[in-house]
Amino acid sequence: MADEPNAPVEGAPASKGPPAKPVQPAVPPNLAGKTTSVAAAPRRPPAKKKKVVDDTSPLLSRRSWLGLAWGSFTAASATALAATGRFMFPNVLNEPPQQFKIGFPDEYAPGVDERWKDRFGIWIVRTPSDIVQEAAGFYALLTACTHLGCTPNWLSAELKFKCPCHGSGFRPTGVNFEGPAPRPLERARIVLAEDGQILVDKARKFQFELGQWADPESFLRL
Amino acid sequence: MADTKIVTPKEGALERSWNWLTETQVWKSVFRHNAPITDRNRVLVVLSNVFLHLHPVRLRKSGVRLRYTWCMGGLSFFLFLSLTFTGVLLMFYYRPTLEYAYTDIVGLREHVPLGIMREMHRWGGHAMVVTVWLHMFRVFMTGSYKPPREFNWNVGVIMLVLTLLLSFTGYLLPWDQLAIWAITVGSNMARATPFMGAEGPGSALLMLGDVRLIHAADDARFALLGGTFVGEGALLRFYVLHCVGLPLAIAVLMAVHFWRVRKDGGISGPA
């Protein structure tokens with residue numbers, strides 16, 4: 001602390017050091033025979049700080065005891081705080097799966113299929129020829145508008161996805177053509193599982209504007 | 001270094017930054033008075049701090065004698081604070097519905113780090129019932145319920161009831177067999193409430209023509225359970241009472257209780 005009462009008044013910091021050992025143990029007259037430490041160690045140099053008169057503890061001085069108590073309290077509080085922070089991050093999540101099987105390819109007719117829109121948030125589109133892959137097959141479009149994340153409606157008569165929030169429009173390919181949406185809808189990873197079913201993995205997304213629709217896993221060739 | 005301008009040559013960088021810190025407005029707003037090392041400063045520090053001022057500046061020496069007070073009132077308050085804290089944490093994971101209540105309790109042990117949080121709340125609740133009883137026992141044995149403290153004794157009795165009700169309402173929330181049947185048995189007692197319980201004395205007198213005014217679907221037990229048996233309504237009702245209603249009531253009474261202790265001359269001591 002800055003206002004340490006017994007800070008040396010003269011002398012540069014470099015000259016600080018242990019004080020020279022005095023020859024005589026100086027016992028203040030009013031403490032003679034009252035403090036155990038002075039009586040037990042008569043050869044000790046005089047303490048720099050005045051001892052409190054009623055501090056007669058043989059083990060710990062009042063000051064070290066308080067330091068120990070506050071230190072333990074601080075450590076316990078810090079531990080409790082850390083434990084509370086950790087408590088907020090559970091080890092198990094009850095969230096819908098990001099990866100799921102959606103049946104066999106011959107269960108899907110050409111065009112946009114809406115059967116998984118509510119449950120998994122994807123449209124399955126079967127196309128005779130994809131704009132990027134230039135082959136027949138399947139892709140999975142995520143149902144989140146690239147403007148602000150609303151869910152567009154599939155308008156089968158007009159062959160477009162139309163977002164009800166701000167009017168963004170997307171082709172069946174997912175490419176945006178009207179409204180404020182800045183980029184095409186995203187596609188999810190779509191592959192064939194070992195049992196022949198289509199497997200969709202929403203954890204891996206493919207963006208057209210980054211050239212990712214050319215990735216073989218963004219499109220299931222038939 | 002020796003040529004640079006320093007206000008006092010003996011000050012190191014640490015002391016300079018400490019001096020700067022203690023001069024800032026933020027520091028001075030938090031610590032409005034000097035260190036409490038003189039009697040005057042001690043009073044100023046305590047009285048200008050909303051938390052510290054709840055405790056008196058000075059106590060009688062007997063006020064800190066454990067063998068006299070047992071510190072049971074203080075322990076009850078400490079347990080209430082820790083129960084509030086752990087209880088709020090549990091509310092982040094617990095949903096009071098038939099579908100989720102039990103599995104969320106299991107999840108608090110199995111799926112959440114530090115699954116002991118729920119146990120701390122549970123054992124803390126049991127401990128608070130014990131410390132409140134011991135506190136009342138001590139107050140009784142030392143005669144501290146006598147005037148001028150008789151009003152505070154009554155406040156304490158109400159808080160004892162609230163503590164027991166907190167324990168009772170919390171008991172239902174795990175929604176296991178023990179909880180459901182314990183509350184079934186406990187709430188059946190409300191059937192026998194005089195006049196207000198369907199099977200209580202006098203309720204049969206409350207008739208309008210030949211229509212009974214107090215029956216199983218509108219009596220005291222129904223008000224407790226929000227239904228005619230321990231079901232979804234009871235779970236939600238007990239949850240709201242346990243987490244909001246009863247804690248608010250007991251917190252207000254605690255403020256009255258502590259204030260009254262001060263007004264009646266501080267913690268009671270040997271005559």
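1. **A facing pair in chain A.** Phe161(A) stands opposite Phe170(A), a residue of β7(A). This is a predicted model, so treat every position below as computed. The two strands involved are β6 (residues 160-162) and β7 (residues 169-170) of chain A, which pair in the antiparallel sense over two bridges.

2. **The sheet around that pair.** β6 and β7 sit in an open sheet of four strands in chain A. The order is β5-β6-β7-β8, and the pairing is antiparallel. At the edges are β5 (153-155) and β8 (176-178) of chain A, each of which pairs on one side only.

3. **Pairing through β10(A).** Strand β10(A) pairs with β9(A) over six bridges, and the two run antiparallel. Arg187(A) has Phe206(A) in β10(A) as its bridge partner. The two strands form a hairpin with five residues between them. In the turn, Gly196(A) has a positive phi of about 90 degrees. β10(A) also pairs with strand β1 (residues 99-101) of chain A, again in the antiparallel sense, over three bridges. There, Gln99(A) stands opposite Asp201(A) in β10(A).

4. **The largest nonpolar core.** This core has 20 residues. Ile122(A), Ala140(A) and Ile190(A) touch the most other members. Four strands of chain A each supply at least two of its residues: β3 (122-127), β4 (137-142), β9 (187-192) and β10 (198-206). Look at Ala140(A) in particular. Beyond its neighbours within four places in sequence, Ala140(A) is in contact with Ile122(A), Ile124(A), Arg187(A), Ala188(A), Ile190(A) and Val200(A). As a rule, nonpolar side chains in soluble globular proteins tend to be buried together.

5. **A second core, in another place.** A separate core has 16 residues. Among them are Leu173(B), Ile183(B), Leu224(B) and Tyr239(B).

6. **Make-up of chain B.** Chain B has 11 helices and two strands. Along the sequence the pattern is α-α-α-α-α-α-α-α-α-β-β-α-α. Its radius of gyration is 26 Å, well over the 18 Å that the globule rule gives for 271 residues, so chain B is more spread out than a compact globule. Along the principal axes, the C-alpha trace of chain B spans about 100 × 55 × 35 Å. Of the 271 residues, 22% count as buried. Among contacts in chain B with a separation of 6 or more, 60% come from residues 24 or more positions apart.

7. **Backbone points to check in chain B.**
   - Pro147(B) and Pro148(B) are joined by a cis peptide bond, with omega about 10 degrees. Pro148(B) lies in the loop between α7 (116-141) and α8 of chain B.
   - Cys71(B) is not a glycine, yet has a positive phi of about 60 degrees. Cys71(B) is in the loop between α4 and α5 (72-91) of chain B. With 16 C-beta neighbours inside 10 Å, Cys71(B) counts as partly exposed.
   - Trp175(B), also a residue other than glycine, has a positive phi near 60 degrees. Trp175(B) is in the loop between α8 and α9 (177-188) of chain B. Trp175(B) is buried, because 21 other C-beta atoms lie within 10 Å and 20 or more is the cut-off.

8. **Leu213(B).** This residue is in the loop between β2 (211-212) and α10 (220-225) of chain B. Leu213(B) is partly exposed, with 13 other C-beta atoms within 10 Å. Setting aside neighbours within four places in sequence, Leu213(B) is in contact with Leu206(B), Met207(B) and Leu208(B). Gly231(B) is 18 residues from Leu213(B) in sequence, and their C-alpha atoms are 24 Å apart.

9. **The contact between the chains.** Chain B brings 12 residues to the contact and chain A brings 11 residues. On the chain B side, helix α1 (residues 13-23) gives the most, with three residues. The residues on that side divide into seven nonpolar, four polar and one charged.

10. **Confidence.** The predictor gives the complex an ipTM of 0.73 and a pTM of 0.72. Chain B averages a pLDDT of 91, and 96% of its residues score at least 70. In chain B, confidence is lowest in helix α4 (residues 66-69), at a mean of 88, and highest in helix α8 (residues 150-172), at 97. Where pLDDT is low, predicted coordinates should not be read in detail.

Note on methods:
Residues numbered from 1 in each chain as written. Chains lettered and ligands numbered in written order. Predicted model: local features only at pLDDT ≥ 70, side-chain atom pairs only at ≥ 80, totals over all residues. Contact = placed C-beta atoms within 7 Å. Nonpolar A, V, L, I, M, F, W, Y, C, P; charged D, E, K, R; others polar. Core = buried A, V, L, I, M, F, W, Y, C linked by C-beta atoms within 7 Å. Buried ≥ 20, exposed ≤ 12 C-beta atoms within 10 Å, placed from the backbone. pLDDT = per-residue confidence, 0-100. Pairing = 2+ DSSP bridges. Rg over C-alpha atoms; globule rule 2.2 N^0.38 Å.
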